[in-house]
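Subject: Structure for you to look at

Hello,

Here is the structure I said I would pass on.

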Protein chains: 6
Amino acid sequence: MDTREQHDRGLALRTELFGRDAVEKRAAAFGDFGKPLQHVINAYAYGDVWQRSALPLATKSIAMVAMMAAAGHGNELRVHLKGALKNGCSMDEIQEVLLLLALYCGIPAANEAHRVAVEVFREEKLM
Amino acid sequence: MDTREQHDRGLALRTELFGRDAVEKRAAAFGDFGKPLQHVINAYAYGDVWQRSALPLATKSIAMVAMMAAAGHGNELRVHLKGALKNGCSMDEIQEVLLLLALYCGIPAANEAHRVAVEVFREEKLM
Amino acid sequence: MDTREQHDRGLALRTELFGRDAVEKRAAAFGDFGKPLQHVINAYAYGDVWQRSALPLATKSIAMVAMMAAAGHGNELRVHLKGALKNGCSMDEIQEVLLLLALYCGIPAANEAHRVAVEVFREEKLM
Amino acid sequence: MDTREQHDRGLALRTELFGRDAVEKRAAAFGDFGKPLQHVINAYAYGDVWQRSALPLATKSIAMVAMMAAAGHGNELRVHLKGALKNGCSMDEIQEVLLLLALYCGIPAANEAHRVAVEVFREEKLM
Amino acid sequence: MDTREQHDRGLALRTELFGRDAVEKRAAAFGDFGKPLQHVINAYAYGDVWQRSALPLATKSIAMVAMMAAAGHGNELRVHLKGALKNGCSMDEIQEVLLLLALYCGIPAANEAHRVAVEVFREEKLM
Amino acid sequence: MDTREQHDRGLALRTELFGRDAVEKRAAAFGDFGKPLQHVINAYAYGDVWQRSALPLATKSIAMVAMMAAAGHGNELRVHLKGALKNGCSMDEIQEVLLLLALYCGIPAANEAHRVAVEVFREEKLM
C-alpha cells in the first residue's frame with residue numbers, strides 16, 4: 001500500500017475515534033515542525049496498527065488507557081479516555097482498569113489517572 | 001468482610017488464574033520475609049480489585065499485559081501473559097496489544113515484551 | 001480484622017498525618033468514582049502498611065519522600081513532604097534526601113523535587 | 001583542582017550556554033535551601049562533565065535533548081533546547097531527534113517533547 | 001512511496017548499520033509472531049525516520065545511545081552502541097555521553113550503561 | 001577543598017560502608033573507561049553528599065533503598081541493601097520500606113525488590 005493511502009485511512013479512523021475538531025487542533029498545534037510526527041501518528045499508528053482487527057476497538061481502548069496510565073502520560077491518557085468512551089467503554093470498566101493500576105503501578109499513578117478521568121467525565125457531562 | 005476471608009477468596013481466584021504450582025512457588029520464594037507482600041497480593045489485589053465484575057477476566061488480562069509491558073516489568077508481564085492465555089486471549093490479540101505498545105511506548109519496549117511473549121508461547125507449546 | 005475496621009483505623013492515621021481538611025478534600029475530589037481508590041488508600045495503605053511499627057513515622061516519611069521523588073510523582077511528593085514535616089523531619093533532613101536524589105536519580109529529578117519542597121516550605125511559612 | 005575553582009569555571013560555562021538571567025533566576029528560585037544543589041550543578045555537571053572536549057557542544061546538546069526527552073523531564077528539556085539553539089543546532093536537527101524519540105520512546109513522549117520545543121521556538125521567534 | 005519499498009530501503013540501511021547477521025538473527029528470534037514488529041522497525045524506523053538527512057549518522061547514534069541509556073533499555077543500548085562504533089563514534093565520545101547520563105539520570109543509570117558499553121567494547125576488541 | 005582530597009575521603013567512606021573488596025571490584029570492572037565515573041561516585045557522591053550529617057547513615061540507607069527500588073535499579077538496590085545492613089538497619093525495617101513500595105509503586109516493583117533483598121539476606125546468612 002502507498003504510505004499516502006495508509007496515512008489517509010489512518011486519519012479517517014483517527015477522526016472517527018476522536019472527532020474532527022480534536023484531530024485538527026492537535027495537527028495544527030505544532031505547525032510545519034509537527035508534520036512528520038503527524039505522519040507517524042496517522043500513517044503508522046492509525047493507518048497500520050489500529051487497523052488490525054483481532055481486538056474490538058473498545059478493548060484496544062482499554063489497552064491504551066492501561067498503557068498510558070502506567071507510563072504516566074497524562075495528556076495522552078486524556079485523549080484515549082475520550083476514545084474509550086466513544087468506543088463504548090463504561091465508567092465502571094474504566095474504573096476497574098484504574099484500580100488494577102493502583103495495585104500494580106501504585107497509588108500515586110492511580111491518583112493521577114483518576115484526576116484525568118474525572119476531568120474527562122465532567123467534560124462529557126457524565127458526572 | 002474479614003480480611004482473612006478476603007485473602008482466601010483472593011488466593012482461590014489467583015490459583016484458578018495461574019495454577020496452584022505457580023502460586024505456591026511464588027509464595028515460597030521469599031519465605032517469611034515475603035508473607036506481608038503475599039497478603040497484599042492475595043487479599044488486596046486478587047481478593048478485592050480482581051473480584052470486581054465490570055470487565056471480563058480476558059479484558060482484565062489485556063489491561064494487565066498492556067500495563068506491565070508499558071511499565072517495563074518483564075517478570076510480571078510473563079505471569080499475566082500466562083493468565084491471559086488461561087483467560088482465553090489468543091496470540092493474535094496479545095500481538096495487537098504489543099504492536100500498540102511499539103507505537104505508544106517505543107520499539108525497545110515492544111522488543112522486550114515480544115521476547116517475554118515468545119518464551120511464554122514456547123513454554124505453552126503454542127509456537 | 002474486618003476490612004471496615006481496617007479502613008477506619010487507616011483513615012484515623014491518615015487524618016492525623018495530613019489533617020482533616022486535606023484528607024476530606026482528596027476524598028471528595030473524585031466523587032463516587034473515586035470511592036474504591038479511597039478504600040485502597042485508607043484500608044490497605046494507611047490501615048495496614050502504615051500501621052506497622054518497625055520504623056518510626058519520621059523514617060517512613062523519609063522513605064516516602066525518597067520514593068515519590070525517585071518515581072517523579074510530584075503531587076504525591078507534596079503530600080508526603082507535608083507529612084514529613086508533621087512527623088518531625090527537618091528541612092535539613094529533607095535536603096539531604098534530595099541531594100542523594102540528585103546524584104542517584106539525576107539533577108532534573110532533584111530540581112523538580114526542590115521546586116515542590118520549596119512550595120511546601122513556603123506554604124508552611126518555613127522560608 | 002579546588003572545588004571552588006571547579007564551581008567557578010562551571011558557572012562561567014553555564015552562563016555562556018544559557019545566559020546570565022536564566023542561570024541567576026534558577027539559582028535564586030530555591031533560596032538557601034537550593035545552594036547545595038546549585039553546587040552539584042555548577043561544580044560537578046558544568047565544572048567537570050561539560051568541560052570534557054571529546055564532543056562539540058552542539059553534539060552534547062543533541063545528547064541532552066535526547067536524554068531529557070526520553071526521561072520525560074519537560075522542564076529540563078526546555079533548558080537544553082535553548083542550549084541546543086545557542087550551540088548552533090538547527091530546528092531540523094532537533095526535529096530529527098524528536099522523531100527518533102517517537103519511534104524509540106513512543107508517540108506520547110514525542111508529543112510532549114514537540115510541545116516544549118514549539119514553545120521554545122516561539123519564545124526565540126523561530127516560528 | 002509504497003510501504004514495501006519503504007520497508008526494503010529501511011532493511012537495507014539497518015543491514016548496513018548493524019550487519020546482516022545481527023539483523024537476520026533479530027528478525028528470526030520471534031518467528032511469525034514478530035513479523036508485524038519487524039515491519040514497524042524496517043519500514044517506519046529505518047525506512048522513514050532514519051532516512052532523514054539533517055543529522056549525520058554518527059550524531060543520530062549519539063542521540064540513540066543517550067535515549068536508550070536514559071530510558072534504561074539495556075538490550076537496545078547494546079545494539080545502538082554497536083551502531084555508534086560502526087558510524088565512527090569513538091569510545092571517548094561515548095564515554096562523554098555516559099558521563100552526562102551520570103549527572104542527569106543518576107549514577108545507577110550510568111553504571112548500567114557502562115556495563116553494557118564495556119561488554120560491547122570487549123566484543124569489538126577495543127578493550 | 002581540593003577535588004582529590006574530596007575523592008579520597010569519599011573513597012574512604014565508601015570502603016567503610018561496602019567493604020574494600022566490593023569497592024575495588026566495582027572500580028576495576030570498567031577499567032580505564034570507567035575512571036571518570038568512579039571519580040563522580042567517589043568525589044561527588046561519597047565525598048560530598050554522603051558526608052552531610054543531618055541524617056544518620058542508617059536513615060540515608062533507608063532513603064537509598066526506597067529510591068533505588070522505586071527507580072527499578074536492581075543492581076544498585078543490592079549494593080544499598082548491603083549498606084543498609086552494615087549501617088544497622090534490620091530486616092524488619094527493610095521489609096517495611098518494601099511494603100510501602102508495594103502500595104506506592106505497585107506489586108511488581110515490590111516483587112523485584114523482595115527478590116533482590118532475599119538474595120542479599122541469604123548471602124549475609126540472615127535467612
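I start with a group of charged side chains in chain A: A:Arg78, A:Lys82, A:Glu112, A:Arg115, A:Glu119, A:Glu123 and A:Glu124 are connected by a network of salt bridges. A salt bridge here is a side-chain nitrogen of Lys or Arg within 4 Å of a carboxyl oxygen of Asp or Glu. Over all chains, this rule gives a count of 55 salt bridges.

Some background before the rest. This is a predicted model, in which local features need pLDDT of at least 70 and side-chain atom pairs count only at pLDDT 80 or more, while totals for chains, interfaces and linings use all residues. Residues are numbered from 1 along each chain as its sequence is written, chains are lettered from A and ligands numbered from 1 in the order in which they are written, and side-chain values use heavy atoms, with hydrogens and water left out.

In chain B, B:Arg115 and B:Glu119 form a salt bridge, with N to O at 3.2 Å. Both residues belong to helix α7 (residues 107-123) of chain B and are four residues apart, about one turn of the helix. Helices are DSSP runs (H or I, at least four residues), numbered from the N terminus, and strands are runs of E of at least two. B:Arg115 has a relative accessible area of 34% and is therefore partly exposed; B:Glu119, at 31%, is partly exposed as well. For these classes, buried means under 20% relative accessible area, exposed over 50%, and partly exposed in between (1.4 Å probe, protein chains only).

Chain D has a salt bridge between D:Glu119 and D:Arg115, whose closest N and O atoms are 3.2 Å apart. These two lie four residues apart in helix α7 of chain D, about one turn of the helix. D:Glu119 is partly exposed at 31% relative accessibility, and D:Arg115 is partly exposed at 35%.

A further salt bridge in chain D joins the side chains of D:Arg78 and D:Glu123 at 3.0 Å, N to O. This pair links distant parts of the chain, since D:Arg78 is in helix α5 (residues 74-86) and D:Glu123 in helix α7 (residues 107-123), 45 residues apart. D:Arg78 counts as partly exposed because its relative accessibility is 23%, and D:Glu123 does so at 42%.

A buried asparagine

B:Asn42 sits in helix α3 (residues 35-46) of chain B. Its relative accessibility is 4%, so B:Asn42 counts as buried. Its side chain makes a polar contact of 2.9 Å with that of B:Arg14. A polar contact is a pair of N or O atoms within 3.5 Å; within protein, one must be able to donate a hydrogen and the other to accept it, and residues adjacent in sequence count only if both atoms are side-chain atoms. Leaving out residues up to four places away in sequence, B:Asn42 touches B:Gln6, B:His7, B:Gly10, B:Leu11, B:Arg14 and B:Gly47.

Chain A against chain B

Here 31 residues of chain A are in contact with 31 residues of chain B, contact meaning heavy atoms within 4.5 Å. The two chains bury about 2900 Å² between them, 77% of it on carbon and sulfur atoms. Buried area is the accessible area (1.4 Å probe) that two parts lose on being put together, summed over both. Two salt bridges cross this interface. A:Lys60 and B:Glu96 meet in a salt bridge of 3.2 Å, N to O. There are also 12 residue pairs in polar contact between chain A and chain B (both at pLDDT 80 or more).

Chain A against chain D

This contact takes 15 residues from chain A and 20 residues from chain D. About 1400 Å² is buried between chain A and chain D, 73% of it on carbon and sulfur atoms. A:Phe30, A:Phe33 and A:Leu37 provide 49% of the area that chain A buries against chain D, more than any other three residues.

Regards
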